[in-house]
Every structure is written in C-alpha cells, then in structure tokens.
Amino acid sequence: MYDEHGINVDALLEEKKSEKYDTVIFSSSGRGFEETFLGENKPTCWYPCKVSENREHNLKYIAIYRERPVSAITHYAKIKEFKYDQEKNCKVCYFEGTPIELPNKIKLEGKDSCFFVGTKYTSLEYLLNATKADEISFG
C-alpha cells in the first residue's frame, strides 16, 4: 500500500490500536503503592513509567497491579501528564485528582504471579467491568 499510495498500513493499525487502549497498567510491590500511587507522599504520581512514545499521547488512565498480599488491581487514576524527572532519573506519571477505587478487585485467578510484570495496555472499560485478569483485553 505504501509504495502505491503512500499509506503506511502498519502505522495506521498501530495508531488505531493505541486509541482503543487508553489505560496503562504497571505493577507494584511493598509500600510503593500506598506512598506513591495513593499519595501519602504528594503529589500523587507513579514512577518509573516505561511507556511507548507513540502510545503516550493516547493514554488517559493508569492502574497498578498490587503484588502480594493483595494480588489484584484495585485503583486507577486519570493521567494529567508524563514528565521526565531528573532527580528520579525516569519518566513520572502525574495524576489529575486522586486515585479511584475500582468497583471490583481484579484478581489474577488462573494467571501466573508475574503476568503484570512490565507495561500492559488496556482500556478503562475493561478495568471497570472485570473481576479477573482473563476478562481484560490487552493490546
């Protein structure tokens, strides 16, 4: 298509996929979730955020998978901005407002405990309607 019409089909498909998946999921262990995500230390934010540059502008929400003993995704937040922090030496996601508790904890169920290690992209709609990881579509 590109040679004939100058249309990069792969780029168009990637753009459509990133528009559908407006939420990024990271994982947390220890007190990082309470201190950082829930905002015991202000401002409310999350880091480090390894987010694809071409997806960053389409992301509207962030959620965190909490490792043991919780072993679930319990909250999400509206993204205000991503910003590189020299002091932390990484990209930070700052929130618009405070984190919101999901209507249901999203448990691993049949998934391995390392399932949420690394960056995952999904939609807020999936998070709001899921009770287990198998009910979430990732892209």
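Modeller: To begin with a term: buried means under 20% relative accessible area, exposed means over 50%, and partly exposed lies in between, with a 1.4 Å probe and protein chains only. This is a predicted model, in which local features need pLDDT of at least 70 and side-chain atom pairs count only at pLDDT 80 or more, while totals for chains, interfaces and linings use all residues. Residues are numbered from 1 along each chain as its sequence is written, and side-chain values use heavy atoms, with hydrogens and water left out.

Colleague: Why is Cys93 called buried?

Modeller: Cys93 has a relative accessible area of 0%, and the limit is under 20%, so Cys93 counts as buried. Cys45, at 6% relative accessibility, is buried as well. Of the 139 residues of the protein chain, 41% get that label.

Colleague: What makes Glu56 and Lys91 a salt bridge?

Modeller: The term asks for a side-chain nitrogen of Lys or Arg within 4 Å of a carboxyl oxygen of Asp or Glu. In Glu56 and Lys91 the closest N and O atoms are 2.6 Å apart, so the pair qualifies. Glu56 lies in helix H4 (residues 53–56) and Lys91 in strand E5 (residues 90–95), so the pair ties together parts that are 35 residues apart in sequence. Helices (H or I, at least four residues) and strands (E, at least two) are DSSP runs, numbered from the N terminus. The protein chain has 5 helices and 7 strands.

Colleague: Which labels do the residues of the Asp85 and Lys88 salt bridge get, buried or partly exposed?

Modeller: Asp85 has a relative accessible area of 15% and is therefore buried, whereas Lys88, with 33%, is partly exposed. Their closest N and O atoms are 3.7 Å apart. Lys91, with 16%, is buried.

Colleague: How many salt bridges does the search find in the whole structure?

Modeller: The search finds 7. A network of salt bridges links Arg31, Glu34, Glu35 and Arg66.
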